Amino acid sequence: KSRKTKVIMITGYAMMSVAREAMEKGAFDFISKPFSPDDLRRVITKAAHSLGYPMDSETARVAT
């Protein structure tokens with residue numbers, strides 16, 4: 001509901017038609033499975049930058 005919300009779709013179906021439909025419906029980006037933690041960090045960093053928040057992949061690192 002907020003303009004600052006960025007939706008990142010995660011899918012097991014890596015088809016361009018699924019990606020296109022997600023983007024048309026407002027998704028910011030999508031990642032297809034299997035994906036690495038670095039792939040997820042990259043898309044989170046990209047979303048943060050689009051909102052004007054300075055963030056690098058290290059900032060987005062998830063503690064394990």
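Q: In this predicted model, what percentage of contacts between residues at least 6 apart in the protein chain join residues at least 24 apart?
A: The model is predicted. A contact here means heavy atoms within 4.5 Å. Among contacts in the protein chain between residues at least 6 apart in sequence, the share that joins residues at least 24 apart is 17%.

Q: Which pattern of helices and strands does the protein chain follow along the sequence?
A: The protein chain contains two helices and two strands. Read along the sequence, these elements follow the pattern β-α-β-α.

Q: What handedness does the unit made by β1, helix α1 and β2 have?
A: The strands β1 and β2 are joined by four bridges and run parallel. Helix α1 covers residues 16–24, and with β1 and β2 it makes a β-α-β unit that is right-handed.

Q: Why does Thr11 count as buried?
A: Thr11 lies in strand β1. Leaving aside residues up to four places away in sequence, Thr11 touches Val18, Phe30, Ile31, Ser32 and Lys33. A residue is buried when its relative accessible area is under 20%. Thr11 counts as buried because its relative accessibility is 12%.

Q: Which residues form the covered face of β2?
A: In a regular strand, side chains alternate between the two faces of the sheet. The uncovered face of β2 holds Phe30 and Ser32, while the covered face holds Asp29 and Ile31.

Q: Against which strands do the buried residues of α2 pack?
A: Helix α2 has buried residues at Arg41, Val43, Thr45, Ala47 and Ala48. These buried residues pack against β1 and β2.

Q: How far does helix α2 reach from its first C-alpha to its last?
A: Helix α2 spans residues 37–50 and has 14 residues. At 1.5 Å a residue, the expected reach is 20 Å, and the reach in the model is close to this, at 20 Å.

Q: Which residue just after α2 takes a positive phi?
A: Helix α2 ends at residue 50. Just after α2, a positive phi of about 85° is taken by Gly52.

Notes
Residues numbered from 1 in each chain as written. Predicted model: local features only at pLDDT ≥ 70, side-chain atom pairs only at ≥ 80, totals over all residues. Heavy atoms only, no water. Expected span 1.5 Å × (residues − 1). Buried < 20%, exposed > 50% of the residue type's maximum accessible area, 1.4 Å probe, protein only. Pairing = 2+ DSSP bridges. Right-handed = clockwise from strand over helix to strand, strands pointing away.
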